[in-house]
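Me: I should like to learn how to read several features of a protein model. Please give the general idea for each, and then the case at hand.

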Amino acid sequence: MKALRTHAVGGADTLTLDEVEVPQLAKGQVLVDVKACAINFPDTLMIRDLYQFKPERPYAPGGEIAGVIEAIGEGVEGWEVGDRVLAGIGNGGLAEKVCVPAGRMFAVPEGVPFEKAASLMMTYGTTIHGLKDRGHIKEGDVLLVLGAAGGVGLSAVELGKAYGARVVAAVSSEEKGEVARKAGADEVVIYPKGEMDKAASKELANAFKAACGPEGANIVYDVVGGQYSEPALRAIAWEGRFLVVGFPAGIAKMPLNLTLLKSCDICGVFWGAFTAREPERFRAQVDELFDLLKAGRIDPLISETFPLERGGEAIAKLENRQAVGKLVVTMGSGSV
(Lines give C-alpha, C1' and ligand atoms only; values in the text may rest on other atoms or scores of the structure.)
Protein backbone atom coordinates (compact mmCIF):
# COMPACT_ATOMS: atom_id res chain seq x y z
CA MET A 1 0.00 0.00 0.00
CA LYS A 2 1.01 3.65 -0.39
CA ALA A 3 1.54 6.28 2.28
CA LEU A 4 2.69 9.90 2.08
CA ARG A 5 5.28 10.18 4.84
CA THR A 6 7.66 12.54 6.58
CA HIS A 7 11.21 11.28 7.13
CA ALA A 8 12.83 14.50 8.35
CA VAL A 9 11.80 17.85 9.80
CA GLY A 10 10.57 20.15 7.05
CA GLY A 11 7.69 21.49 4.99
CA ALA A 12 5.25 19.76 2.70
CA ASP A 13 7.87 19.50 -0.06
CA THR A 14 9.82 17.00 2.07
CA LEU A 15 7.01 14.41 2.11
CA THR A 16 7.57 11.28 0.02
CA LEU A 17 5.10 8.77 -1.41
CA ASP A 18 6.31 5.43 -0.04
CA GLU A 19 5.35 1.82 -0.64
CA VAL A 20 4.83 0.30 2.82
CA GLU A 21 3.46 -2.85 4.38
CA VAL A 22 -0.21 -3.01 5.34
CA PRO A 23 -0.28 -2.33 9.12
CA GLN A 24 -0.90 -5.30 11.38
CA LEU A 25 -3.95 -5.25 13.61
CA ALA A 26 -3.46 -5.16 17.35
CA LYS A 27 -6.03 -6.14 19.94
CA GLY A 28 -8.91 -3.65 20.05
CA GLN A 29 -8.18 -2.20 16.61
CA VAL A 30 -9.83 -2.25 13.19
CA LEU A 31 -8.19 -1.85 9.81
CA VAL A 32 -9.77 1.01 7.84
CA ASP A 33 -9.59 1.33 4.07
CA VAL A 34 -9.16 5.11 3.96
CA LYS A 35 -11.34 6.98 1.48
CA ALA A 36 -10.72 10.58 2.59
CA CYS A 37 -8.33 12.43 4.88
CA ALA A 38 -9.01 16.08 5.75
CA ILE A 39 -6.04 18.40 6.12
CA ASN A 40 -5.87 20.56 9.24
CA PHE A 41 -3.47 23.19 10.54
CA PRO A 42 -1.83 20.81 13.07
CA ASP A 43 -0.65 18.73 10.08
CA THR A 44 1.43 21.70 8.88
CA LEU A 45 2.96 22.15 12.33
CA MET A 46 3.59 18.49 13.07
CA ILE A 47 5.87 17.82 10.09
CA ARG A 48 7.98 20.83 11.14
CA ASP A 49 8.18 19.59 14.76
CA LEU A 50 6.27 22.68 15.90
CA TYR A 51 3.32 20.83 17.41
CA GLN A 52 2.95 19.61 20.99
CA PHE A 53 2.92 16.00 19.78
CA LYS A 54 5.96 14.73 17.86
CA PRO A 55 5.42 11.20 16.46
CA GLU A 56 8.43 9.03 15.73
CA ARG A 57 9.46 9.22 12.07
CA PRO A 58 8.81 8.05 9.47
CA TYR A 59 5.07 8.58 9.69
CA ALA A 60 2.19 9.83 7.56
CA PRO A 61 0.57 13.09 8.68
CA GLY A 62 -3.20 13.42 8.60
CA GLY A 63 -5.29 13.18 11.75
CA GLU A 64 -8.87 13.03 10.44
CA ILE A 65 -10.06 10.18 8.22
CA ALA A 66 -13.18 8.51 6.87
CA GLY A 67 -13.38 5.11 5.21
CA VAL A 68 -14.62 1.53 5.36
CA ILE A 69 -13.71 -1.17 7.87
CA GLU A 70 -11.67 -3.86 6.08
CA ALA A 71 -10.75 -6.12 9.00
CA ILE A 72 -11.51 -6.40 12.71
CA GLY A 73 -9.01 -7.20 15.43
CA GLU A 74 -9.34 -9.33 18.54
CA GLY A 75 -11.73 -8.06 21.18
CA VAL A 76 -13.58 -5.57 18.99
CA GLU A 77 -17.36 -5.57 19.35
CA GLY A 78 -20.08 -3.47 17.78
CA TRP A 79 -18.40 -3.06 14.38
CA GLU A 80 -18.52 -5.13 11.20
CA VAL A 81 -16.46 -5.34 8.03
CA GLY A 82 -17.95 -2.90 5.54
CA ASP A 83 -19.10 -0.32 8.12
CA ARG A 84 -18.55 3.30 7.08
CA VAL A 85 -16.59 5.13 9.77
CA LEU A 86 -14.70 8.29 10.62
CA ALA A 87 -11.99 8.74 13.22
CA GLY A 88 -9.61 11.24 14.69
CA ILE A 89 -6.23 9.50 14.81
CA GLY A 90 -3.65 12.24 15.42
CA ASN A 91 -1.50 11.16 12.47
CA GLY A 92 -1.26 8.38 9.90
CA GLY A 93 -4.22 9.38 7.74
CA LEU A 94 -2.35 10.08 4.51
CA ALA A 95 -2.19 6.38 3.75
CA GLU A 96 -4.38 3.91 1.92
CA LYS A 97 -5.01 1.87 5.07
CA VAL A 98 -4.65 2.58 8.77
CA CYS A 99 -5.27 0.73 12.04
CA VAL A 100 -7.61 2.58 14.38
CA PRO A 101 -8.56 1.82 17.99
CA ALA A 102 -12.24 0.84 17.91
CA GLY A 103 -13.12 3.31 20.64
CA ARG A 104 -12.01 6.27 18.52
CA MET A 105 -14.38 5.59 15.63
CA PHE A 106 -17.81 6.94 14.79
CA ALA A 107 -20.34 5.55 12.33
CA VAL A 108 -20.85 7.62 9.19
CA PRO A 109 -24.57 7.83 8.37
CA GLU A 110 -25.70 6.64 4.95
CA GLY A 111 -25.81 9.43 2.43
CA VAL A 112 -22.95 11.40 3.99
CA PRO A 113 -19.99 11.47 1.55
CA PHE A 114 -16.62 10.41 2.95
CA GLU A 115 -15.14 13.82 2.14
CA LYS A 116 -17.82 15.53 4.25
CA ALA A 117 -17.44 13.02 7.08
CA ALA A 118 -13.66 13.48 7.19
CA SER A 119 -14.15 17.25 7.35
CA LEU A 120 -16.51 17.24 10.30
CA MET A 121 -14.78 16.13 13.45
CA MET A 122 -11.78 18.38 14.02
CA THR A 123 -13.12 21.68 12.72
CA TYR A 124 -16.74 21.44 13.84
CA GLY A 125 -15.72 19.41 16.89
CA THR A 126 -13.33 22.16 17.99
CA THR A 127 -16.01 24.77 17.44
CA ILE A 128 -18.92 23.04 19.13
CA HIS A 129 -16.70 22.50 22.18
CA GLY A 130 -15.43 26.08 22.01
CA LEU A 131 -18.78 27.78 21.57
CA LYS A 132 -20.79 25.64 24.00
CA ASP A 133 -18.33 24.60 26.72
CA ARG A 134 -15.94 27.58 26.72
CA GLY A 135 -18.03 30.36 25.19
CA HIS A 136 -21.40 29.42 26.76
CA ILE A 137 -23.13 30.61 23.58
CA LYS A 138 -26.80 31.50 23.78
CA GLU A 139 -29.42 32.83 21.41
CA GLY A 140 -28.98 36.52 20.70
CA ASP A 141 -25.23 36.61 21.34
CA VAL A 142 -22.96 38.55 18.99
CA LEU A 143 -20.16 36.27 17.74
CA LEU A 144 -17.03 37.74 16.10
CA VAL A 145 -15.10 35.11 14.12
CA LEU A 146 -11.52 35.80 13.01
CA GLY A 147 -10.34 33.78 10.01
CA ALA A 148 -13.94 33.12 9.13
CA ALA A 149 -13.35 31.62 5.66
CA GLY A 150 -11.11 28.74 6.75
CA GLY A 151 -12.37 25.34 7.82
CA VAL A 152 -12.57 26.14 11.55
CA GLY A 153 -13.79 29.69 10.92
CA LEU A 154 -16.62 28.58 8.65
CA SER A 155 -17.67 25.99 11.21
CA ALA A 156 -17.96 28.82 13.74
CA VAL A 157 -20.08 30.88 11.35
CA GLU A 158 -22.44 27.96 10.73
CA LEU A 159 -22.66 26.76 14.33
CA GLY A 160 -23.03 30.32 15.58
CA LYS A 161 -26.06 30.77 13.34
CA ALA A 162 -27.42 27.35 14.33
CA TYR A 163 -27.32 28.43 17.98
CA GLY A 164 -29.05 31.74 17.30
CA ALA A 165 -26.13 34.17 17.36
CA ARG A 166 -25.57 37.23 15.18
CA VAL A 167 -22.29 36.47 13.40
CA VAL A 168 -19.63 38.97 12.33
CA ALA A 169 -17.06 37.35 10.02
CA ALA A 170 -13.53 38.80 9.84
CA VAL A 171 -11.56 37.79 6.74
CA SER A 172 -8.62 38.98 4.64
CA SER A 173 -10.37 39.54 1.30
CA GLU A 174 -13.74 40.33 -0.22
CA GLU A 175 -13.70 36.92 -1.94
CA LYS A 176 -13.42 35.22 1.45
CA GLY A 177 -16.06 37.58 2.79
CA GLU A 178 -18.50 36.31 0.19
CA VAL A 179 -17.77 32.73 1.27
CA ALA A 180 -18.55 33.69 4.87
CA ARG A 181 -21.78 35.43 3.81
CA LYS A 182 -22.91 32.30 1.97
CA ALA A 183 -22.28 30.34 5.18
CA GLY A 184 -24.63 32.70 7.03
CA ALA A 185 -22.51 35.59 8.33
CA ASP A 186 -24.59 38.70 9.08
CA GLU A 187 -21.68 41.16 8.74
CA VAL A 188 -18.21 40.98 7.21
CA VAL A 189 -15.08 42.93 8.17
CA ILE A 190 -12.05 42.84 5.87
CA TYR A 191 -8.77 43.08 7.79
CA PRO A 192 -5.40 44.00 6.20
CA LYS A 193 -2.94 41.27 5.24
CA GLY A 194 0.21 43.33 5.81
CA GLU A 195 1.81 44.47 9.03
CA MET A 196 -0.38 46.93 10.95
CA ASP A 197 0.94 49.96 12.79
CA LYS A 198 -0.81 51.38 15.85
CA ALA A 199 -3.15 53.55 13.77
CA ALA A 200 -4.16 50.63 11.54
CA SER A 201 -4.76 48.42 14.59
CA LYS A 202 -7.02 51.09 16.09
CA GLU A 203 -8.86 51.41 12.78
CA LEU A 204 -9.48 47.66 12.70
CA ALA A 205 -10.72 47.73 16.30
CA ASN A 206 -13.17 50.48 15.33
CA ALA A 207 -14.34 48.43 12.34
CA PHE A 208 -14.97 45.44 14.63
CA LYS A 209 -16.88 47.65 17.09
CA ALA A 210 -19.03 49.11 14.32
CA ALA A 211 -19.89 45.67 12.95
CA CYS A 212 -20.59 44.12 16.36
CA GLY A 213 -22.80 46.97 17.54
CA PRO A 214 -22.82 49.21 20.61
CA GLU A 215 -22.59 46.39 23.16
CA GLY A 216 -19.70 44.62 21.43
CA ALA A 217 -19.06 40.92 20.78
CA ASN A 218 -20.25 38.52 23.48
CA ILE A 219 -17.89 35.91 22.02
CA VAL A 220 -14.69 36.38 20.00
CA TYR A 221 -13.62 33.20 18.22
CA ASP A 222 -9.96 33.74 17.36
CA VAL A 223 -8.60 31.24 14.86
CA VAL A 224 -5.86 33.62 13.65
CA GLY A 225 -3.94 35.21 16.52
CA GLY A 226 -1.04 37.60 15.95
CA GLN A 227 -1.76 41.26 15.36
CA TYR A 228 -5.48 40.66 14.89
CA SER A 229 -6.23 39.50 18.44
CA GLU A 230 -5.90 42.80 20.27
CA PRO A 231 -8.25 44.78 17.97
CA ALA A 232 -10.82 42.00 18.43
CA LEU A 233 -10.40 42.09 22.22
CA ARG A 234 -11.04 45.84 22.13
CA ALA A 235 -14.42 45.10 20.52
CA ILE A 236 -15.53 42.59 23.16
CA ALA A 237 -18.67 43.11 25.24
CA TRP A 238 -18.93 43.46 29.01
CA GLU A 239 -18.32 39.98 30.47
CA GLY A 240 -17.53 38.68 26.97
CA ARG A 241 -15.58 35.50 26.26
CA PHE A 242 -12.47 35.64 24.06
CA LEU A 243 -11.79 32.11 22.77
CA VAL A 244 -8.19 31.29 21.83
CA VAL A 245 -8.30 28.65 19.10
CA GLY A 246 -5.19 28.96 16.89
CA PHE A 247 -2.17 31.04 15.93
CA PRO A 248 -1.38 30.92 12.17
CA ALA A 249 -0.54 34.65 12.35
CA GLY A 250 1.55 34.20 15.52
CA ILE A 251 0.94 34.17 19.27
CA ALA A 252 -0.64 37.43 20.36
CA LYS A 253 0.56 39.64 23.21
CA MET A 254 -2.60 40.84 24.90
CA PRO A 255 -2.93 43.96 27.09
CA LEU A 256 -4.52 42.42 30.16
CA ASN A 257 -5.83 45.77 31.39
CA LEU A 258 -8.55 45.36 28.75
CA THR A 259 -9.81 42.23 30.49
CA LEU A 260 -10.29 44.27 33.67
CA LEU A 261 -12.02 47.15 31.87
CA LYS A 262 -14.44 44.79 30.11
CA SER A 263 -14.65 42.24 32.95
CA CYS A 264 -14.12 39.65 30.21
CA ASP A 265 -12.54 36.21 30.03
CA ILE A 266 -9.77 34.89 27.79
CA CYS A 267 -10.39 31.15 27.38
CA GLY A 268 -8.27 28.48 25.75
CA VAL A 269 -9.95 25.94 23.46
CA PHE A 270 -7.85 22.74 23.47
CA TRP A 271 -10.19 20.33 21.74
CA GLY A 272 -7.73 17.43 21.58
CA ALA A 273 -7.27 17.36 25.35
CA PHE A 274 -11.03 17.72 25.84
CA THR A 275 -11.71 14.61 23.73
CA ALA A 276 -9.31 12.56 25.85
CA ARG A 277 -10.48 13.92 29.21
CA GLU A 278 -14.22 13.83 28.54
CA PRO A 279 -14.88 11.12 25.94
CA GLU A 280 -18.61 10.79 26.68
CA ARG A 281 -19.27 14.52 26.18
CA PHE A 282 -17.10 14.41 23.06
CA ARG A 283 -19.13 11.55 21.56
CA ALA A 284 -22.37 13.34 22.38
CA GLN A 285 -21.13 16.42 20.54
CA VAL A 286 -20.19 14.40 17.46
CA ASP A 287 -23.71 12.91 17.47
CA GLU A 288 -25.10 16.45 17.69
CA LEU A 289 -22.97 17.51 14.73
CA PHE A 290 -24.35 14.70 12.59
CA ASP A 291 -27.88 15.69 13.59
CA LEU A 292 -27.13 19.28 12.50
CA LEU A 293 -25.58 18.01 9.27
CA LYS A 294 -28.59 15.83 8.43
CA ALA A 295 -30.90 18.77 9.23
CA GLY A 296 -28.99 20.97 6.77
CA ARG A 297 -27.94 23.46 9.45
CA ILE A 298 -24.22 22.84 8.86
CA ASP A 299 -22.48 21.72 5.68
CA PRO A 300 -18.66 21.51 5.45
CA LEU A 301 -17.37 23.49 2.47
CA ILE A 302 -14.76 21.41 0.64
CA SER A 303 -13.05 23.80 -1.75
CA GLU A 304 -10.59 21.33 -3.24
CA THR A 305 -9.65 17.64 -3.20
CA PHE A 306 -6.26 16.10 -3.95
CA PRO A 307 -5.14 12.54 -4.74
CA LEU A 308 -2.74 10.97 -2.25
CA GLU A 309 0.35 11.67 -4.34
CA ARG A 310 -0.47 15.40 -4.24
CA GLY A 311 -1.31 15.51 -0.55
CA GLY A 312 1.71 17.70 0.10
CA GLU A 313 0.14 20.41 -2.06
CA ALA A 314 -2.88 20.50 0.24
CA ILE A 315 -0.67 20.87 3.32
CA ALA A 316 1.37 23.64 1.67
CA LYS A 317 -1.76 25.50 0.60
CA LEU A 318 -3.15 25.42 4.12
CA GLU A 319 0.17 26.48 5.63
CA ASN A 320 0.34 29.45 3.27
CA ARG A 321 -3.18 30.49 4.32
CA GLN A 322 -4.52 30.05 0.79
CA ALA A 323 -7.29 27.64 1.71
CA VAL A 324 -10.98 28.45 1.77
CA GLY A 325 -13.05 25.92 3.69
CA LYS A 326 -11.61 22.42 3.85
CA LEU A 327 -8.93 20.69 1.78
CA VAL A 328 -9.31 16.92 1.53
CA VAL A 329 -7.04 14.15 0.22
CA THR A 330 -8.98 11.28 -1.32
CA MET A 331 -7.96 7.69 -1.87
CA GLY A 332 -9.59 5.17 -4.15
CA SER A 333 -13.31 5.70 -4.68
CA GLY A 334 -13.55 8.77 -2.45
CA SER A 335 -17.16 9.69 -1.73
CA VAL A 336 -18.74 6.41 -2.81
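This is a predicted model: local features need pLDDT of at least 70, side-chain atom pairs count only at pLDDT 80 or more; totals for chains, interfaces and linings use all residues.

Me: Which residues of H6 are exposed?

Reply: Exposed denotes a relative accessible area over 50%, buried one under 20%, and partly exposed one in between, with a 1.4 Å probe and protein chains only. Helices are DSSP runs of H or I with at least four residues, strands are runs of E with at least two, and both are numbered from the N terminus. In this case Ala 199, Lys 202, Glu 203 and Ala 210 are exposed on the other side of H6, whereas Ser 201, Leu 204, Ala 205, Phe 208, Ala 211 and Cys 212 are buried. An α-helix has 3.6 residues a turn, so residues three or four places apart point the same way.

Me: Against which elements do the buried residues of H6 pack?

Reply: Contact means heavy atoms within 4.5 Å. The buried residues of H6 pack against strands S8 (142-146), S9 (166-171), S10 (187-190) and S11 (217-222), and against helix H7 (229-233).

Me: What span should H6 have, and what lies at its ends?

Reply: The expected span of a helix is 1.5 Å times one less than its number of residues. For the 15 residues of H6 (residues 198-212) this gives 21 Å, and the end C-alpha atoms are 21 Å apart, which agrees. After H6 comes Gly 213, with a positive phi near 100°.

Me: How is the contact between domain 1 and domain 2 described?

Reply: The size of an interface is often given as the accessible area lost when the parts come together. Here the bounds, from an automatic or database domain assignment, are 2-119 + 301-330 for domain 1 and 122-271 for domain 2. The C-alpha centres of the two domains lie 29 Å apart. Their contact takes 12 residues from domain 1 and 14 residues from domain 2. About 1100 Å² is buried between them, 62% of it from carbon and sulfur atoms; this is the accessible area (1.4 Å probe) that two parts lose on being put together, summed over both.

Me: Is His 129 buried or exposed, and which residues does it touch?

Reply: His 129 lies in helix H3 (residues 121-134) and counts as buried, at 7% relative accessibility. Leaving aside residues up to four places away in sequence, His 129 touches Arg 134, Val 269, Phe 270, Trp 271, Phe 274 and Gln 285.

Me: Where do backbone angles deserve attention?

Reply: The peptide bond from Arg 57 to Pro 58 is cis, with omega near -5°. Pro 58 is in the loop between helix H1 (41-46) and strand S4 (64-72). His 136, in the loop between H3 and S8, has a positive phi near 50° and is a residue other than glycine. Ser 263 is not a glycine either, yet has a positive phi of about 50°. Ser 263 is found between helix H8 (257-262) and strand S13 (265-268), and is partly exposed at 32% relative accessible area.

Key. Residues are numbered from 1 along each chain as its sequence is written. Side-chain values use heavy atoms; hydrogens and water are left out.
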